[in-house]
Amino acid sequence: MEYAHMLEATMLVCFGFSWPLNVIKAYKARTAKGTSLAFIILIITGYVAGISAKCLSGQFNYVLVVYFINLAIVLANVFVYIRNKALDAKAVVKKEEPMTNYTYSFDALLANRSSSAERQGEVILFGTGVDTVVPVEALAKEFDFNFALYNKSDKSVTVANACTVFNKTIAPLSPEGILIHLGQNDKLSFKENSAAFDDNYRNLLHEVRTVNKKCRIALVSVENPTGDSTVNAMNEHIRVLAESERADFVSIENAQLWNPEATKAAVAFAYGMGLNIRKPLRSVAEIVYSWLSHNVSHPETDSKVV
């Protein structure tokens, strides 16, 4: 039984190790933005339940002490949150035009593009049409990505010439991840020869993995606001390609409905707990295409399939 108590105490210590760091980080940040009070309360409820279970079963030992220590540290997060909310209330914030939950305006994001040299082993957005205007580096900064995101989209790219464009502009960067949003310029060619479309798309995916066999790949569906049957068929081909080539498939319609503020809180908590993992490409797509749908006028026209 003593070993069971030791293991339980070890679990509690490991689980609660990052909370002091989270308190310090939140205190220094002097803002409640990105902090989820509901999540903190959920953790507190869990500790209270654990303490209650110990008391009801008469297990008054050192494990109970660890429960109380963890609970005290998490409660400290609540007090820091309340303090930071008060600081936020006092701050004078310049109001901008509503941006549907985004911190920065379209012009501000474009103006804040990074001019730093591009590094190898980062994540790439490879699309066409309105994809070219996405200020990905500024979005990556706003959403606290722990990797760089570069926009290598080209309005003239098609599935047929994608390998050439990839080898010229993207392959030298040896990307760790790539978000591919192609097909907007391929409606007619797909209608004439869907097998060639598949072959060209598959060749692109093989080219990506030739550069980096472990590269994460996500394929984004083509926007289809009018319900065009050809585009529906194209998207089904892209979905099947994603499955057969071990890539993620992202529905652009779902991405456009995404709520950015919810993920900001989740990302802030994960980093505060020391989870230094790279954001899934599906989440990157949600950020990019939700931002586009709310900030670029008439995207259905600009990105129309031709």
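Modeller: The chain's secondary structure comes to 14 helices and 5 strands (DSSP runs numbered from the N terminus, helices being H or I of at least four residues and strands E of at least two). This is a predicted model, where local features need pLDDT of at least 70, side-chain atom pairs count only at pLDDT 80 or more, and totals for chains, interfaces and linings use all residues. Residues are numbered from 1 along each chain as its sequence is written, and side-chain values use heavy atoms, with hydrogens and water left out.

Colleague: How do helix 9 and helix 10 cross?

Modeller: Two packed helices are described by the angle between their axes and the distance between the axes. Here helix 9 (residues 194–211) and helix 10 (residues 229–244) have axes that come within 11 Å and cross at roughly 40 degrees (axes are lines fitted to C-alpha atoms over the stretch in contact; angles run from 0 to 180 degrees between N-to-C directions).

Colleague: Which residues in helix 9 and helix 10 meet?

Modeller: S194, F197, D198, Y201 and R202 in helix 9 are in contact with M234, H237, I238 and L241 in helix 10 (contact means heavy atoms within 4.5 Å).

Colleague: Which residues of the largest nonpolar core touch the most other members?

Modeller: In soluble globular proteins, nonpolar side chains tend to be buried together. In this core of 32 residues, they are F126, I178, Y201 and L219 (a nonpolar core is a set of buried Ala, Val, Leu, Ile, Met, Phe, Trp, Tyr and Cys residues joined through side-chain atoms within 4.5 Å; buried means under 20% relative accessible area, with a 1.4 Å probe and protein chains only). Helix 9 and helix 10 are among the elements that each supply at least two residues of this core. Another core, of 26 residues, lies apart from it and includes V134, L149, L179 and I252.

Terms used:
Buried < 20%, exposed > 50% of the residue type's maximum accessible area, 1.4 Å probe, protein only.
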